[in-house]
Structure formats: C-alpha cells, structure tokens
Amino acid sequence: MLTIHSDDHRLHHGAGEFYRGRIVPCFEMPARVEQILASVAGRGLGPVVAPVRHGRAPVERVHAADYVDFLASAWDEWCALGEIGDALPYAWPAHDLRADRVPDHIDGKLGFYSIDAAVPITAGTWAAVQASADCALTGAAAVLGGERAAFALCRPPGHHAGPRAMGGFCYLNNAAIAAQAMRDAGVVKVAVLDVDYHHGNGTQAIFYDRADVFFASLHGDPAVEYPFFAGFADETGSGAGQGCTLNLPLPWGTAAGAYLAALDTGCAAIAAFGAQALVVSLGVDTFAGDPISHFKLESADFTRIGARVAALGLPTLFVMEGGYAVGDIGTNVANVLEGFVHG
Ligand SMILES: [Zn+2]
C-alpha cells in the first residue's frame with residue numbers, strides 16, 4: 001500500500017495547549033508521525049512517496065475562502081502585534097454573541113474561526129497544514145488512478161475542522177477535501193468512515209445536507225466527551241442529506257466486542273448507501289493506552305478493524321487523524337493497514 005508523507009509536518013509544533021486548567025505540552029506532536037513512518041517501513045507495507053502540490057482550489061471546495069485566507073495570514077498578523085508565543089484563541093462568538101461579522105483584530109479572528117483553544121498557530125503551521133492536505137489529495141489521486149488503497153500520513157489531522165473553523169488540533173479537513181476530490185473526479189457516491197475516538201464534527205458539518213457523501217462515525221459519547229456539541233445519534237443529516245449521516249456514540253470503557261459490532265453497523269450502512277469509494281478517517285486514540293481517551297481497544301484489535309474495512313471491497317483512502325499514545329501509535333496504525341491488506 002502506498003503511503004504519502006511530507007517532512008513539512010515538522011514545521012507545525014505547538015508549544016502547549018490548554019487542558020484542564022493548565023497549559024500542557026501539545027498531545028498532537030511531530031513524534032507521532034515519526035513512529036508511524038518507522039512502523040510502515042518496518043512492516044514493509046509499501047513505498048513512501050512525497051505529496052504533489054494541489055494548491056487552494058480543492059481546499060476551497062469544502063472550506064470558505066475567507067477561512068483559508070485567515071489560516072494563511074494568521075501568523076503574520078499575530079507577529080505584527082509583537083507577540084512571541086504561539087497564536088491561540090481565547091474568545092468565541094457563542095450563544096447570543098455576534099457571529100455575523102468577522103473581527104478586525106487577530107485575537108477576534110482566532111476566536112471567530114475556531115471552536116476551541118486546541119489549535120496553536122506557529123510560524124510553520126500553514127506550510128504543514130497545506131502539506132497535510134496535499135498528502136490526502138495525492139492519496140485520493142492514487143486511489144482514483146486504480147490503486148486498491150493508499151495511506152495519507154496526514155499531520156496535522158483534519159476531522160474537527162469545519163467549513164469555516166479550526167478545532168481539536170485540526171485546521172483543514174483532509175478527509176473531506178479528499179472525499180470531495182473523489183466526487184469532483186466523477187465518483188458518484190463516496191463514504192467517509194470515521195474511526196477516530198472523537199466525533200468527526202467537521203466532516204459531518206461539511207457534508208450534512210448532501211446526499212452524495214455518506215458520513216459514518218464511531219466515537220466516545222459526546223454527552224461526556226469532546227467535541228461535546230456534535231455526534232449524537234439523532235444527527236442524521238438534513239435536507240437532501242437526510243439519512244446520510246450515521247453517528248454511533250459509545251460509552252467510556254468500550255472494548256473490542258461492542259466496538260467491532262458498531263463498526264459492522266457502520267460498514268453495513270456504507271454498503272447499503274452504495275458507496276463507490278471510501279475515505280477512512282483513521283484515528284487510533286481508541287487504544288486502551290491513549291492518554292486523553294476512554295476506550296479499551298488493544299493493539300491486536302486494530303488488525304480486525306482493517307480486515308472489516310477491507311471486506312467492504314471498496315477503493316479506500318486511509319487519512320491519518322488522532323492517536324496520542326506515541327509509543328504504540330506506529331504499531332496500531334500499521335496493524336490497521338496490515339489487517340486491510342490481508343483482509
Ligand atoms: Zn481523536
């Protein structure tokens with residue numbers, strides 16, 4: 001299986017994030033990708049190639065142009081204030097506040113274009129974010145070109161980023177950009193299967209009213225888990241997209257038995273939808289040893305996830321999302337990919 005990877009991910013390395021009342025080192029760190037790359041090479045899973053630059057056009061198929069402008073210019077605007085740390089938002093247009101106008105000041109823009117404070121912007125963030133989207137687009141092109149599957153080793157991740165907002169370590173929605181590229185290349189029906197521990201609120205928002213992209217997500221119950229404000233079972237799509245969103249929230253402590261049963265439900269829905277291509281938002285923060293999550297999957301269980309996805313028999317693009325147990329992330333990701341290949 002082809003892996004697409006860019007060293008530019010290292011340009012994005014936030015110093016810290018706000019977590020339970022303290023600023024702590026970012027859980028989303030460059031070492032995650034280095035571990036995955038080592039495992040992909042060690043298992044002999046296939047060639048690793050650099051992404052092809054695709055520019056802004058495919059990005060703006062799912063993100064608003066003013067939001068992309070913001071991401072591209074935020075660091076320079078921040079530096080113009082004479083700040084020396086990472087740019088982080090601290091005020092948001094929640095509830096009854098004005099969400100109909102973009103502030104002039106960078107502090108206001110950071111809040112306007114985000115859903116939380118887990119999105120540090122550094123000097124190299126925009127370069128890394130573009131390279132990450134290019135990994136997904138290059139992977140999509142490989143699958144469209146006839147590859148059975150490809151693995152876009154994206155960093156930063158993307159599934160929490162909505163049409164006009166960053167959040168949860170995510171800036172551009174790599175999986176959604178890839179799914180849209182598949183649609184634009186003529187694939188009539190595309191499915192996104194999100195197996196990250198957290199609900200893919202950004203992907204859901206992008207496709208919520210559309211009948212051409214099915215979104216299925218297995219995740220920690222948002223009643224008790226980030227992103228808290230999306231991912232409930234009664235969110236099923238709207239308008240033409242009614243019935244094209246499937247949320248399968250699961251309780252803390254979920255282990256392989258219940259997880260794989262829910263995965264079967266998601267895969268059956270994707271098959272019933274009639275998808276012709278699949279994008280998998282691949283997070284491995286469902287692992288028992290993950291430092292910020294509460295599921296109980298063991299490393300061997302990830303092989304079974306890969307095999308079940310393979311059973312769909314669809315051209316498949318894996319897009320890297322979360323997973324914060326850095327010592328085990330390589331093993332767990334490689335297990336999914338190996339399970340797919342041998343499934
Ligand atoms: Zn996650």
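A pocket is an open set of grid points with protein on both sides within 12 Å along at least five of seven lines. The exercises below apply this and related ideas to a predicted model.

**Exercise 1. The largest pocket**

Determine how much space lies in the largest pocket and which residues are closest to its centre.

*Solution.* Begin with the volume: the largest pocket holds about 1000 Å³ of space. Next, consider its lining, to which 41 residues belong; Ile-115, Asp-116, Tyr-226, Pro-227 and Phe-228 are the closest to the centre. Finally, turn to secondary structure. Strand S2 (17–19) and helix H3 (106–112) each supply at least two lining residues, and S2 gives the most, with three.

**Exercise 2. The cavities**

State how many cavities of 30 Å³ or more the whole structure contains, and describe the lining of the largest.

*Solution.* A search of the whole structure finds two such cavities. The largest cavity has a volume of about 60 Å³. Among the residues that line it are Arg-53, Arg-56, Trp-126, Gln-130 and Asp-134. Helix H4 (residues 125–144) gives the most to this lining, with four residues.

**Exercise 3. The zinc site**

Identify the protein donors of the zinc ion and decide whether His-198 and Asp-285 are buried or exposed.

*Solution.* First, list the donors: Asp-196 (OD), His-198 (ND1) and Asp-285 (OD) lie 2.0 to 2.1 Å from the zinc ion. Along the chain they follow the spacing D-x1-H-x86-D. The site thus links distant parts of the chain: His-198 is in the loop between strand S6 (190–194) and helix H6 (201–207), and Asp-285, 87 residues apart from it, is in the loop between S9 and H8. Then apply the cut-off, by which buried means under 20% relative accessible area. His-198 is buried, because its relative accessible area is 7%. Asp-285 is buried as well, because its value is 0%.

Technical notes:
Residues are numbered from 1 along each chain as its sequence is written. This is a predicted model: local features need pLDDT of at least 70, side-chain atom pairs count only at pLDDT 80 or more; totals for chains, interfaces and linings use all residues. Side-chain values use heavy atoms; hydrogens and water are left out. Donors are N, O and S atoms within 2.8 Å of the metal (3.2 Å for Na, K and Ca); water is not among the atoms, so sites may look incomplete. Buried means under 20% relative accessible area, exposed over 50%, partly exposed in between (1.4 Å probe, protein chains only). On a 1 Å grid over the protein atoms alone, a cavity is a set of points where a 1.4 Å probe fits but cannot get out, and a pocket is an open set with protein on both sides within 12 Å along at least five of seven lines; lining residues have an atom within 4 Å of a point. Grid points are joined across faces, edges and corners, and a volume is the space filled by probe spheres set on the points.
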